[in-house]
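Hi everyone, thanks for coming.

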Amino acid sequence: MANVVTPISRLLVSNRGEIARRIFRTAHDMGISTVAIYADGDADAPFVKEADTAIALKGRTTAETYLNVDKVMDACRRSGADAVHPGYGFLSENSAFAQTVLDTGIKWIGPSPEVIGLMGDKLSAKRLMREAGVPTLPAIEIVDGINIRQAATDIGYPVLVKASAGGGGRGMRVVEDAAKLLDAVDSAKREAGSSFGDDTVFLEKWLDSSRHIEIQILGDNLGNLMHCFERECSIQRRHQKVIEEAPSPALGEDMRLSMGEAAITVARRLGYSSAGTVEFLLSGDEFWFLEVNARLQVEHPVTEEIIGKDLVREQIRVAEGEALSFCQDDIVINGHAIEARLYAEDPDKDFLPSPGPVLMWEPSVASAARFDSGVETGSTISVDFDPLIAKVIVHAPTRREAVSRLARVLETTCIHGLTTNRDFLVATLRTPEFLSGDITTDFIDRVNPPRTRLPQRSECIEAAIAAVIEGQALRRARAKVLSTLPSGWRNSTMPPERIDFKIGNEELHVEYRRQSDNKFRIFTDNDELFVSVHLCGYGRVDIDIDGRRMDFSVNQHGMIWLVHTNLGDMELVEQPRYPVWGLEALGGGLVAPMPGTVLATSVMPGDTVSKGELLLLLEAMKMEHRITALRDGEVSDVHVAVGDQVENGQLLVTMIEEKEEA
Amino acid sequence: MPVLESTIDARAKEFRQNTSDMLEMLGELQELNNQVARGGGEEALARLASRGKMPIRERIGYVLDRDSPFLEISPLAAWRSAYDVGSGFVVGIGVIEGVECVILGHDPSVRAGAFNPFNAKKLMRGLEIARENRLPYVQFVESAGGDLRGGGGGGDPEAAIRRELGHFAESGRLFYEITELSKMRIPTISVVFGTSTAGGAYQPGMSDYNIFIKNQSKVFLGGPPLVKMATGEDADEESLGGADMHTQISGLGDYLAQDEHDGIRMCREVVAHLNWRKLGPEPNTVFEEPTQNPEDLLGLVSKDLRTPFDMREVIMRIVDASYFEEFKPLYGPTLVCGWASVHGYPVGILGNNGTLFSESSEKAAQFIQLCNQIDVPLVFLHNITGYIVGTDFEQGGITKNGSKMINAVSNSTVPHISIITAASYGAGNYGMSGRAFGTRFTYIWPFAKIAVMGPKQMAGVMSIVGRKAAERRGIEFDEEADTTRAAQAEHWAEERSKGLFATSRVSDDGMIDPRDTRVVIAMSLSACFNNKVEGTKEFGTWRM
């Protein structure tokens with residue numbers, strides 16, 4: 001059979017962040033030049049810098065940029081790209097886009113538009129699989145005129161409302177009983193419509209405590225087809241995976257074989273080429289087909305780690321017309337790989353995204369780990385895109401080692417400026433349930449691992465000491481005069497330096513004094529500590545606190561000190577050195593700034609006013625003067641009336657003194 | 001590069017003895033400093049705190065830039081006097097908003113901040129430092145005024161009057177000097193923490209900037225008692241001189257602070273806006289620390305000042321990279337002269353390695369002229385018993401040549417810093433730029449002695465003079481009485497020559513830990529460089 005190979009020379013990745021970087025890496029290894037496209041907010045992102053060429057899409061939102069087919073196609077033309085890799089999300093499963101790419105004479109890295117189209121409609125996919133004899137869960141499409149309540153009853157609660165065109169947990173609602181059904185359907189429809197441009201939703205049987213197992217498949221255009229074993233992605237929040245691993249601790253060889261065969265059956269039936277994933281639910285020894293993801297998955301690295309292959313490389317080869325570089329018999333499961341998705345999100349607020357600036361990002365060097373990340377220090381996790389900071393992947397000989405190592409790597413990774421799910425991930429990995437492999441899709445509700453880490457008082461003190469040591473070094477270095485003299489040098493007995501911090505709600509008072517032997521004597525919490533400094537002033541603090549040598553990464557952002565220890569990250573808020581007196585301090589009364597006449601009074605005793613609100617109008621020196629409230633509060637007295645002449649300093653209005661806070 | 005090499009043996013018995021003697025003395029000094037810092041004692045401090053007020057050292061600590069150095073001047077003033085050691089007053093050079101300032105103030109916990117001869121001298125010294133080095137002047141005012149009890153209180157009033165040297169007619173110079181600073185465009189800032197009555201009222205009165213503290217500052221020419229005595233008016237303190245009144249009505253106060261911390265914050269803001277620029281060139285901030293360990297300075301000087309040491313051993317422990325380019329090393333070797341730098345400031349160093357001879361005096365005069373030619377400050381390291389005496393030397397012109405050295409020292413206009421490491425006797429003190437010779441800063445090491453001559457020599461001289469007088473008058477010389485008298489004289493001279501006595505009388509700027517010498521010189525130089533650093537072109541007539 002004639003094998004026509006047309007090499008790719010310039011690859012455009014119609015995606016952003018970590019996946020764009022990850023694809024560029026393989027492309028560069030294969031000698032292919034790369035093109036990035038980017039939204040306004042991504043102009044300084046690492047993936048843009050790492051591409052050989054970058055094209056601005058000029059726009060802020062996803063709809064204006066990465067989802068805008070016209071702009072992406074224009075970028076393809078302008079850059080001269082001869083191939084497009086869509087990554088995951090965005091246009092990766094948009095068959096019309098894939099078709100447009102191919103119609104323009106550009107290679108599409110992924111399955112054919114037909115397959116994408118077929119699998120993009122989850123309902124038709126399920127139908128197809130049922131016909132092929134692959135088990136599926138009962139499902140009913142919500143079409144006009146259908147009795148939704150009856151449909152749900154037929155399936156049996158709980159039911160899952162799911163967007164047909166969906167993915168990534170969007171447009172998904174679990175409904176426990178009839179009362180919330182209609183609302184759930186409506187909101188799922190709305191979300192599906194706005195996320196995917198298709199508001200078709202369907203009901204599916206929901207299994208409360210099942211496992212999410214998926215099979216990686218690979219195929220080429222020469223008829224080769226294989227699976228690369230399974231991944232288990234049962235740890236989910238908001239229907240999105242956060243921890244994924246391979247192999248699954250739940251699968252025996254027999255089950256692995258059956259699921260692999262089922263996946264191959266699915267793929268063969270579709271005539272699948274490139275990389276894809278067949279997702280199943282597993283409960284006991286029963287499994288059901290869920291859907292096919294006709295793209296590279298977020299969690300593909302765990303598979304790469306256990307089989308020692310580069311899936312993107314295979315995808316590119318397939319698109320070039322090459323055969324897969326290995327076959328089913330070539331691969332075996334080697335050890336255990338596990339991935340955690342580090343998100344800028346607040347586990348305490350139902351894992352809602354918490355975008356913000358990445359003040360510090362330093363992947364751990366505690367142990368070998370793969371960081372697929374789209375950020376660097378100085379990046380911003382924007383409200384416009386997915387708040388993924390990085391995927392952290394470790395590969396170890398056994399599951400137990402992989403899990404402990406990942407927890408350690410996450411714990412020792414320095415990430416500042418954002419609220420993240422890191423502490424939650426670490427806690428999850430360390431639960432006995434997770435360690436024993438007892439993981440199901442309802443794991444988080446069931447096991448309820450701590451959402452955040454509460455540092456010990458001693459840890460807070462150590463962090464404060466690190467901040468103090470770094471702070472004094474920075475202040476010495478920046479001093480305009482006498483900068484080369486020893487820190488806080490004294491020739492007589494003077495009080496120590498003092499700094500107050502807040503860590504969360506905890507207050508910390510640190511007093512310190514450099515001694516003539518260059519050790520720092522620290523007083524805090526009625527404790528005296530001696531600190532010798534090995535290094536400070538460069539963002540790294542290496543100190544010995546009473547004989548314990550410790551290493552910190554310390555960064556100052558205004559009054560905020562970001563301290564990273566090998567137990568995690570801490571944020572210390574330095575308190576102002578001097579009390580901040582607002583204008584309020586001038587007392588509960590407001591006086592005339594100069595002699596004049598009262599033009600109008602706008603308040604009466606008992607009125608509640610907010611800061612800045614007009615209290616009365618004064619005419620003086622032919623000008624109007626607005627007397628406004630200096631703070632929120634209640635007016636206790638108005639001492640003047642319209643037309644009154646007032647003297648300089650005369651009391652006009654008094655406000656009730658605020659109660660002292662206990 | 002001429003880097004000095006040490007020849008001392010740190011393991012030698014004498015060296016270890018010296019070190020332990022010095023550490024013992026430093027321990028005593030530390031205890032004295034701690035005593036000073038305790039101010040008027042626990043009770044007085046607690047009373048202060050209960051009124052929301054801070055002791056002076058807290059106030060100063062809060063106004064300084066965090067972690068910046070603070071050089072206190074004469075912290076041990078009034079030691080062994082009728083007054084509290086430290087004199088209830090702090091003066092020093094500190095950094096506020098990146099600007100070196102003279103900062104001073106009474107300690108309200110010590111006799112309510114009353115004036116005494118020692119703290120008055122410290123205050124005047126503060127003004128002098130501000131004037132000579134062009135440093136903004138910050139005073140924390142809170143003083144009960146002159147101590148009306150006289151002579152430190154208590155005791156026999158007649159005795160107190162006999163003890164009294166000063167007179168009111170000589171007072172008030174401080175107000176003259178505060179406003180003189182202003183004329184010289186050296187900013188003056190007062191933060192009034194408490195009462196400032198009568199003459200004291202002119203401390204803020206003469207200042208460029210006044211910060212008053214609500215419910216705390218009280219400034220009036222006459223307090224309620226005096227008003228009552230003078231006019232019969234029953235005045236209340238707030239309307240007579242409160243912070244609210246002065247900032248809203250009289251205009252004596254420029255800023256109204258809510259409390260002490262707030263006032264200190266305002267003081268920093270005022271300094272921040274001064275647009276202060278030092279007139280001297282910037283130091284080179286790239287330099288190496290001395291290659292020789294400054295810790296060795298502890299063991300260099302013996303308590304018995306007759307034991308000599310090589311001043312180069314000091315130099316190599318205080319100058320950058322221990323680099324010292326020696327001038328005329330072969331000529332007049334009892335005076336070591338040469339160039340180096342300290343924390344990046346260029347200096348010419350003169351150090352004694354024995355008695356001053358004609359050659360060494362002439363070498364000094366030439367060296368001082370050279371440093372003036374190139375605007376390089378001078379550091380004098382004293383260990384001098386004096387100029388050589390004797391017929392041969394007088395005939396060789398020692399007085400004439402010594403005068404050349406003293407002429408050069410007197411008329412030199414580059415900043416001089418003196419460190420009295422051991423002895424500083426007689427005219428040797430003058431020639432080495434003693435306190436009276438326009439020296440910008442003078443510091444002494446713990447074992448230092450400063451006097452007209454050594455106590456033993458002085459007792460001996462008195463004995464010889466007495467014996468001669470007896471001979472002349474033909475009366476019998478009372479040997480026994482002479483022995484007693486000589487012993488008393490020696491004891492008196494010994495006590496008065498002690499460094500701690502000098503420092504307590506504010507005859508220097510403070511006794512320092514030898515290991516701090518490098519820092520103290522650097523800080524002093526940096527202060528000097530706020531002003532122009534310019535050598536003279538005129539020395540007057542040289543005696544040839």
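Let's start with Cys414(A), which is buried at 1% relative accessibility; buried means under 20% relative accessible area, exposed over 50%, partly exposed in between, with a 1.4 Å probe and protein chains only. Before I go on, this is a predicted model, where local features need pLDDT of at least 70, side-chain atom pairs count only at pLDDT 80 or more, and totals for chains, interfaces and linings use all residues. Residues are numbered from 1 along each chain as written, chains are lettered from A and ligands numbered from 1 in written order, and side-chain values use heavy atoms, leaving out hydrogens and water.

Over all chains, the search finds 0 disulfides, meaning pairs of cysteine sulfur atoms within 2.5 Å.

Now, the interface. How many residues does each chain bring to the contact? Chain A gives 30 and chain B gives 41, with contact meaning heavy atoms within 4.5 Å.

Across it, the rule finds 3 salt bridges, each a side-chain nitrogen of Lys or Arg within 4 Å of a carboxyl oxygen of Asp or Glu. In one salt bridge, Arg498(A) meets Glu58(B) at 2.6 Å, N to O.

That's my tour, thanks!
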